[in-house]
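Please read the following account with the sequence and the coordinates open beside it.

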Amino acid sequence: MRLILLGPPGAGKGTQSARLVNKYGIPQLSTGDMLRAAVAAGTPIGRAAKAVMDSGSLVSDDIVLGIIAERIEQPDAAKGFILDGFPRTVKQAEGLDKLLADKHLSLDAVIELKVNEAELLGRIEKRVKDTLAAGGTVRADDNAEAFKIRLDAYREMTAPVSAYYAGRGELKAVDGMAPIETVSAAIDHALAAGQRV
Ligand code: AMP
């Protein structure tokens, strides 16, 4: 199963990915997580990406495509993967098409979590509170200022990615405002409906 989860920051992509990882036994490939790991490890990519990420803007397509190209070659991705936070631009979507075509692979589903934008900042604020309560470290871009830039980047650069897949008849929309279990059930339903035989 090769799956893309689309949706703005705070839509619940991470939460739903984690459940799908358990259900299908395939890894979640989050470019945000991979970039944060590169920042923490102080690699050249991490050093180049840190300021851009902290501001809420998007890292360059070439960097992100390079990370994904390498990651999908790993043995744990052979059975499939869940892409979370990638592709975020049409150029990345085109690059992914090429990566998959070169390996004679295709996508099984593209699912978009539809959410009411007015509620997203509240969700991010809750994530910060929960992280602090659990003794964790809050993301540098989980603040109101960076969040506004992340949402603008989503509207400008990532919304066209939904149109890209919708134009090919591959996009399935799910109501991301419903309770977590209801969203999960809707995703399962969308996946079952789209399953290739
Ligand atoms: P996320 O954890 O998906 O919210 O990503 C956190 C930050 O990492 C984003 O605001 C971007 O700066 C960067 N990032 C993650 N994925 C991508 C991507 N596919 N393209 C460009 N930048 C990305």
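What should the 14 residues of helix H6 span at 1.5 Å a residue, and how far apart are its end C-alpha atoms? Helix H6 (residues 120-133) should span 20 Å, and its end C-alpha atoms are 20 Å apart, which agrees; the expected span is 1.5 Å times one less than the number of residues. Helices (H or I, at least four residues) and strands (E, at least two) are DSSP runs, numbered from the N terminus. This is a predicted model, in which local features need pLDDT of at least 70 and side-chain atom pairs count only at pLDDT 80 or more, while totals for chains, interfaces and linings use all residues. Residues are numbered from 1 along each chain as its sequence is written, and side-chain values use heavy atoms, with hydrogens and water left out.

The buried residues of H6 are Leu-120, Ile-124 and Val-128, where buried means under 20% relative accessible area, exposed over 50% and partly exposed in between (1.4 Å probe, protein chains only). They lie on the same side of H6, because they cover an arc of only 90° around the axis, the arc being that of the directions from the helix axis to the C-beta atoms. On the face turned away from this buried side, H6 carries the exposed residues Lys-126, Lys-129 and Ala-133. Helix H7 (144-167) is included in what covers the buried residues of H6, contact meaning heavy atoms within 4.5 Å. Just after H6, Gly-135 adopts a positive phi of about 80°.

H6 also takes part in the largest pocket, giving the most to its lining, with six residues. The volume of this pocket is about 1,100 Å³. A pocket is, on a 1 Å grid over the protein atoms alone, an open set of points where a 1.4 Å probe fits, with protein on both sides within 12 Å along at least five of seven lines, and lining residues have an atom within 4 Å of a point. Grid points are joined across faces, edges and corners, and the volume is the space filled by probe spheres set on the points. Of the 49 lining residues, the closest to the pocket centre are Pro-9, Gly-10, Lys-13, Arg-127 and Arg-139.

Helix H2 (31-41) is among the elements that give two or more residues to that lining. Its buried residues are Thr-31, Gly-32, Met-34, Leu-35 and Ala-38. They cover an arc of only 165° around the axis, which puts them on the same side of H2.
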